[in-house]
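Subject: The structure for you to look at

Hi there,

Here is the structure I promised to pass on. Please open it and have a look around before you read my notes below.

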Amino acid sequence: MVTLMRWILWRPFGFGFSRRHLKVESCGITESESSIPLAWVSLIQKPNRTPDIFSLDQRKRFSTMPEIETNRRDSELFSPPSDVRGMTKLDRAAFKKTVTIPVLKVRKEIVNKLMRSLKKAALQRPGIKRVIEDPEDEESRLIMLDPYKIFTSDSFEKEELSILKQLNVSPQISKYNLELTYENFKSEEILRAVLPEGQDVTSGFSRVGHIAHLNLRDHQLPYKHLIGQVTIDKNPGITSAVNKINNIDNTYRNFQMEVLSGEENMMTKVRENNYTYEFDFSKVYWNPRLSTEHSRITELLKPGDVLFDVFAGVGPFAIPAAKKNCTVFANDLNPESHKWLLHNCKLNKVDQKVKVFNLDGKDFLQGPVREELMQQLGLLSKERKHSVHIVMNLPAKAVEFLCAFKSLLDGQPCSSELLPIVHCYSFSKDANPAKDVQQQAGTVLGVSLEACSSVHLVRNVAPNKEMLCITFQIPAAVLYKNQTENQETHDDPPLKRQRTDRDF
Ligand SMILES: C[S@@+](CC[C@H](N)C(=O)[O-])C[C@H]1O[C@@H](n2cnc3c(N)ncnc32)[C@H](O)[C@@H]1O
């Protein structure tokens, strides 16, 4: 809540502060040296004292006073009070602080007109009204101005002065004691004031429905509950804050998490690329940073294509593909993912187009995938024009599952253009990650993929660790039983070199 304490006529500092000088000073607001004119600073420090009108001499004298030195260390006008430093349990009341703000008194009927021209000069703070009633004159309003920009009537830009003149408004600045509360500080300002000086402040998080998913560093852990609560308070729609407490090394790739603040309920609903997914975030894998990758793969698919999603999670490849009229076979070993995958297929009205399995990836490939490929690529399907795609998004392990393709099918190989296209994800810490992934996959399959695969950089997951997707058609020599090298070169035209998405 913003409380008017008092406003009195503010006289400019006088000839000693030229406009130019003030502008230069105002550039450094994030530096440790305060750029606020000393008179403003004194008012911040002593909110209950009626501010005097300072002459230049007084200002000079004032600058040597001890509280000014304190303020210089305290630095920013809009920082929370310094005594919140080290707070581990959030006490919102401790964030109250009074600052003195320059204001312009204007007739109420011209406020709207004037505000359009004073956009740059007006105060911009969360939850603070820029125009308030004048407690001394109901026909007037006070326009709050940015104290880093406006110090005296000379601080206005030429155009601003001209509009003030046109509207017959005196550019004389008055001052106003404004009470700032917890609500008026930004998340980063609060955490910067609370956490030890000079240490990193994290206000970044992944949003999963109503959940903010943080990944706090060790020095932030003593403040974890406060950080969680501030994250909830400052982000509308977030009602729960969780922290990752281990690396994602369990089978089902879901995070072990601790609820820092807010709702314990991890049942959530997210929208991604216009589809809706519901799931229990504590039991399944979901990463909002993969939405671009999900749509990149979906865009490669054409209506009628077949998609096998070996590690489907709760459906972010399978559901958009089914909406595109592809035939989809989606699998996940985690019974919870399987449950939510079924649910999400219904939710997005594609349950008739997706066959859902709860198998180990290898069993899925050697069972339902094999059976379907035998049909799709077999003699009965000579006329087929559609492609078969196999998505394998389990970057820590998917490459190992490629061995399931070796001699998977019997009989005569299909024509080369019908060979299934694999999109297999992997991590790499190598200096040449694309080549590394090509070698990883090639080694498992026993062929070189360097001339016949493309590699796409999905994202940087950690310093020097990339997530990549290698795309290639499974060579007939790998996919079909009893294929000798000679037969392969005879039956198949040479595999085309595919485009590399990124030059590594
Ligand atoms: C990285 S997540 C990807 C999920 C989804 N495709 C996505 O993009 O969000 C990997 C998924 O593989 C599943 N999984 C892990 N090991 C598996 C296995 N051996 N067989 C099948 N699924 C497995 C996990 O349960 C998890 O849902």
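Predicted model: local features only at pLDDT ≥ 70, side-chain atom pairs only at ≥ 80, totals over all residues.

Let's begin with a general idea: in soluble globular proteins, nonpolar side chains tend to be buried together. Here the largest nonpolar core has 44 residues, and Met 392, Leu 402 and Phe 405 touch the most other members. Helix 12 (residues 361–377) supplies the largest share of this core, with five residues. If you click on Met 392 and set aside its neighbours within four places in sequence, you will find it in contact with residues including Val 310, Leu 365, Leu 402, Phe 405 and Tyr 425. There is also a second, separate core of 38 residues, and Tyr 277, Ile 297, Leu 301 and Val 314 are among them.

**Helix 9**

Which residues of helix 9 are buried? In this helix, residues 291–300, they are Glu 293, His 294, Arg 296, Ile 297 and Thr 298. Their cover includes helix 10 (318–323) as well as several strands, among them strand 10 (267–272), strand 15 (388–392) and strand 17 (453–462).

**Salt bridges**

- Asp 134 and Lys 105 meet through their side chains, at 2.8 Å from N to O. Asp 134 sits in the loop between strand 3 (131–133) and strand 4 (140–144), while Lys 105 is in strand 2 (residues 97–107), so this pair ties together parts that are 29 residues apart in sequence. Asp 134 is buried, with a relative accessible area of 4%, whereas Lys 105 is partly exposed at 33%. Both belong to a network of salt bridges that links Lys 105, Asp 134 and Asp 137.
- Arg 370 pairs with Asp 410, and their closest N and O atoms are 2.6 Å apart. This pair links distant parts of the chain, with Arg 370 in helix 12 and Asp 410 in the loop between helix 13 (398–401) and strand 16, 40 residues apart. Arg 370 is partly exposed at 24% relative accessibility, and Asp 410 is partly exposed at 31%.
- Glu 336 forms a salt bridge with Lys 339, with the closest N and O atoms 3.6 Å apart. Both lie in helix 11 (residues 335–347), three residues apart, which is about one turn of the helix. Lys 339 is partly exposed, at 42%.

Happy exploring!

Notes: Residues numbered from 1 in each chain as written. Heavy atoms only, no water. Buried < 20%, exposed > 50% of the residue type's maximum accessible area, 1.4 Å probe, protein only. Helix = DSSP H or I, 4+ residues; strand = E, 2+ residues; numbered from the N terminus. Contact = heavy atoms within 4.5 Å. Core = buried A, V, L, I, M, F, W, Y, C linked by side-chain atoms within 4.5 Å. Salt bridge = Lys/Arg side-chain N within 4 Å of Asp/Glu carboxyl O.
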